[in-house]
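Hello,

Here is the structure I promised to pass on, and my notes follow below it. Please have a look at it before reading on.

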Amino acid sequence: MSKPITINELRDIDSKQFSDVLRQLSQNPDEEQKAVLMDILKYAKDTEFGKQHRFSEIKSIEDYRNQVSVTEHSDYTEHTEKIIQGKPDILFPGTATEFGGTSGTTGKTKIIPESEAGDFVKRTVVKMRTTESARIYPEQTVAGKMKFTITNGTVISTDAQTITSASGQAVARADASAKAKLVVPTELLQIKNIESPDLDYLTMLFGLADKNVVMLICNNLVHFYNLHKLLNKEPERFFSDIENGTLSANIPQEDMEVLLRLWKANPKRAAELREIYNQKGRLDAIDFWPSFGMVSCWLSSSVGRNAKEFAYLFPKDTLFLHWGYGATEGKFDIPVEPFSPKGIPALFGYFFEFLELGTKEPVTISETKPDTYYELIVTSYSGLYRYNIHDIVTVNKGEDGLYRMEFICKSYDNINIDGVTLYASELTEYIEKYEAENNIFLRYFRGENENGKLLLRVEPVSEFNCADFETYIKEKLKLKGIDLSRVEVMPQGSRNKALVLDFDGKIVNQTKLLVFK
């Protein structure tokens, strides 16, 4: 039986060993999780929060639960304000290395301060994900082969402190060798004052200019679809910039000068792309990236549905690998199999608890039951203690005996109709069964309470029998004890419009959408 590994040991482990280490530490989850919890408490025992909750006296998981209640984001407001002001040793030792900003799916900005140790955990998870991805698809490691990344900018707001996006953080945390493989320069993502249309254009431009792209990294494939649509709407703009070494975007002059140093005219590539476009009347990934072979994106929950919708944009033998489950608060797993929305939990970096819906006492990972819905509660090196992230997950053992975790939906993504609670995952299950039986696909769906009944709005990809669908859903909901008011068809483009979010006055691309209003 392998001994527990905490982050101090991980600092000395070569990344080439990560695959073996990940599986070794997952074989003994109870000991690993206890060791990590004790290490987190030791790390924070002299902080303001640690002293208030007597971390130095805690000797067991039971002690921890007795001395620290389950927390919410609002419980950290005063602590976060002190950290923003530069005060040290509040939730974690020292001051914050950065501040993560997230609206999640609520539309309300949350600020998450990051510690040095928490940042190391996130970097390690990113490296482990990269290692597993390379194991599954070695072509990405071949000299000259490149990866195309789509993210929001690293910096999305600058007030008293710099706030970074979760997707931008992931790119920023890649090591130098990994960044060298990225066709989109990190300098583009670090521009502070860039509007989403200009970021989108420049992202696609850098990707299009290099025919050696073999892999796409993108949280939500709808974002690639939008870039693909932009390319085919304004092809000559792209061809001209590639041909002449220009950048037809509205960005600050100092940032333009930085990007132009990284950008060179390539008339040969422009001519090649023009010829393809003139022959086909459009450009597709298989044309501009002839060696392409892998997409790394979210495959779980509603975002995973978008992966199914847009798989046609890529060659038929393309591998789809889940990018991983996480948020600004943490990066929680490492996917190890293609076409699966599950990943091995990052047991070395977080202490996980699982609260079964309808119960009051959380359990550890080894106490979970298969195919059961749990709210995830996280303790981290980043100053979150028994923090309810309000995500619903399932935990199951794989054939290798190791646990896999899957994000299902936000726990607050539910609706109460006449005393009966319906979760987003339940409605999604009904809809996906209908889709499979009738060979249709709904691009987007949202529900709301209409006079004590469920009003369901849907955006289908193509025409479908709405009356038949309504009858089917009505029968399913009746078994649940909920009445369906009606089904309403939304205009085309409703999903894409909903994905555009105003984040403190800055327009960014949202990744996840709530099912219930």
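By class, 15 nonpolar, seven polar and eight charged residues make up the lining of the largest pocket in this predicted model. The space in that pocket comes to about 580 Å³. Its lining counts 30 residues, and those closest to the pocket centre are S300, S301, S302, T428 and E432.

Next, the cysteines. Searching the whole structure turns up zero disulfides. For C218, the nearest cysteine sulfur belongs to C297 and is 7.0 Å away; a disulfide would need the two sulfur atoms within 2.5 Å, so C218 is in none. C218 counts as buried because its relative accessibility is 0%, under the 20% limit. C466, with a relative accessible area of 21%, is partly exposed, because buried would mean under 20%.

There is also a sheet to look at. It is open and has three strands, in the order β19-β20-β21, with mixed pairing. Its edge strands, β19 (442-450) and β21 (484-489), each pair on one side only. From one strand to the next, the twist averages 20°. Strand β20 (residues 453-460) and β21 run parallel and are joined by five bridges.

Enjoy exploring it, and write back with any questions.

Best wishes

Terms used: Residues numbered from 1 in each chain as written. Predicted model: local features only at pLDDT ≥ 70, side-chain atom pairs only at ≥ 80, totals over all residues. Heavy atoms only, no water. 1 Å grid on protein atoms, 1.4 Å probe; cavity = no way out; pocket = protein on both sides within 12 Å on 5 of 7 lines; lining within 4 Å. Points joined across faces, edges and corners; volume = space filled by probe spheres on them. Nonpolar A, V, L, I, M, F, W, Y, C, P; charged D, E, K, R; others polar. Buried < 20%, exposed > 50% of the residue type's maximum accessible area, 1.4 Å probe, protein only. Pairing = 2+ DSSP bridges. Helix = DSSP H or I, 4+ residues; strand = E, 2+ residues; numbered from the N terminus. Axes fitted to C-alpha atoms, helices over the stretch in contact; angles between N-to-C directions.
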